[in-house]
Amino acid sequence: MQGYNTEISPGGHWSLELRRGTQLTLTDIAGGGNCGMLFYNPRNLLERYNAPDTLKCQHTFKLTAGHCLYSDMGRIFASVTADTFGWHDTVCGNANAQHVASKWGARDYQHHRNDWHQNGYDAFLVELAKYGLGAADMAANINWFSKVATDAEGNLCLTSPSPAGSSVTLRVEMDTLVLLHACPHPLSDATTYPRKAIGLGLATAAPVGEDDLCLNHCDENRRGFANNALYHLGA
Amino acid sequence: MIKESQRHVDDAVFKQVVDAGDYYLGKVNAGQTFRILDLEGNQAADTLFFSAANPAERYSATDTIREQGNVYLTAGSVLRSNENHPMLEIVADTCGRHDTLGGACASESNTVRYDLEKRCMHACRDSWMLAIAERPEFGLSKRDITHNINFFMNVPITEEGGLTFADGISGAGKYVELTALMDVLVLISNCPQLNNPCNAYNPTPIEFLVWDAPNGV
Ligand SMILES: [Zn+2]
């Protein structure tokens with residue numbers, strides 16, 4: 001198969017085990033979207049995306065091109081090889097049903113079909129359950145296309161919605177179970193429920209060259225790639 | 001926010017010194033208040049909380065910072081669970097700011113942060129692994145070991161979105177006090193980190209003290 005393109009409908013969720021060497025491109029089709037994402041190792045579901053290690057290893061609060069997305073075991077699930085937006089959040093988690101109902105009103109599937117107000121927390125619960133995982137396995141997730149900045153006192157602010165067509169490209173560095181949803185960011189103050197589809201494209205990634213942006217981003221990432229090489233020894 | 005405690009050490013119903021590299025795991029009942037005391041200064045107390053009734057419900061950094069709209073923890077902060085329930089409130093704090101973004105040191109992340117051959121050094125997540133292995137009666141497993149609080153750590157965010165590990169703002173005798181809003185398990189790794197200039201490469205002991213609710217509630 002050459003590649004695959006699809007859309008996650010507004011409020012929708014999706015998961016797939018992606019093989020090492022796959023390239024995943026996410027697109028904020030209409031602008032102002034949000035894409036929640038979590039990673040697990042399909043061979044050991046206790047190994048999962050670790051937001052603190054990802055931030056700490058790269059001395060960053062935001063995610064963008066050049067960054068690697070780390071597991072709790074010192075390995076890299078995926079690296080960010082391209083990004084047209086420049087600042088993505090990984091500390092705010094998901095909105096839940098109460099948040100969504102209080103901001104935009106409760107809507108259910110019985111009455112509103114696909115125009116219901118799904119939330120990121122429940123969307124992840126659905127996908128987690130497919131792999132025998134539950135609420136206790138939900139780690140701090142990534143929110144692509146959501147820029148969350150802080151002031152000097154640490155107050156959080158969701159600013160600068162992503163322009164239509166913004167995209168981010170990930171290269172999968174080890175076999176990874178990827179969960180994602182297209183639900184609103186928990187800090188969204190939109191007046192109506194943001195109904196934003198996320199484009200998703202899969203392809204085969206180019207091999208990692210010696211001049212690779214992510215490999216050379218910092219010494220930490222070079223060591224992260226070395227840990228992955230050890231993991232794949234003999235593979 | 002600096003807020004001093006009115007509690008007296010002599011009234012504490014429980015006291016235990018926890019050396020660097022050791023863990024503390026115990027139950028604190030709703031209404032009880034505990035203090036984590038930085039005995040010698042610039043130490044990091046890497047802490048996780050669980051609902052004693054259901055350890056799958058536990059401290060959630062994302063729920064806590066989202067609900068308070070701020071990344072730092074101090075007096076007045078309500079610590080929330082992964083089910084968005086209030087678990088504990090910080091009622092006194094002589095340090096002023098605590099980190100919940102930086103997570104805990106681990107053998108595996110040490111290989112990335114410092115050197116590929118630093119993995120054998122002691123680390124907080126190893127202390128937690130020992131705790132869950134040695135104390136099976138608490139019903140914890142690796143899936144419960146998540147994004148924690150680093151009491152006494154200062155991890156400021158820059159305007160450009162950088163994350164910096166600044167010198168500690170703690171000092172000898174500084175403390176943080178929390179009142180439990182539900183029965184909780186407290187799991188602390190007193191950080192053994194020897195690679196971090198924040199503690200001058202010298203991890204030191206902390207003390208854990210518990211007080212009953214004023215009217216025995
Ligand atoms: Zn530590």
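Contact means heavy atoms within 4.5 Å. The legends below describe a predicted model, in which local features need pLDDT of at least 70, side-chain atom pairs count only at pLDDT 80 or more, and totals for chains, interfaces and linings use all residues. Residues are numbered from 1 along each chain as its sequence is written, chains are lettered from A and ligands numbered from 1 in the order in which they are written, and side-chain values use heavy atoms, with hydrogens and water left out.

View 1. Strands are DSSP runs of E with at least two residues, and helices are runs of H or I with at least four, numbered from the N terminus. Not counting residues up to four places away in sequence, A:Ser167 touches A:Thr25, A:Leu26, A:Thr27, A:Ala82, A:Asp83, A:Thr84 and A:Phe145. A:Ser167 is buried at 18% relative accessibility (buried: under 20% relative accessible area; exposed: over 50%; partly exposed in between; 1.4 Å probe, protein chains only).

**View 2. Open sheet of six strands in chain A.** The strand order is 1-13-3-11-7-6, with antiparallel pairing (two strands pair if DSSP finds at least two bridges between them). Strand 1 (4–8) and strand 6 (68–70) are the edge strands, each pairing on one side only. Three bridges connect strand 6 with strand 7 (residues 76–83) of chain A, and A:Cys68 stands opposite A:Ser79 in strand 7.

**View 3. Zinc ion and its protein donors in chain B.** B:Cys105 (SG), B:Cys124 (SG) and B:Cys191 (SG) lie 2.2 to 2.3 Å from the zinc ion (donors: N, O and S atoms within 2.8 Å of the metal, or 3.2 Å for Na, K and Ca; water is not among the atoms, so sites may look incomplete). Their spacing along the chain is C-x18-C-x66-C. B:Cys124 is buried, with a relative accessible area of 0%, and B:Cys105 is likewise buried at 5%.
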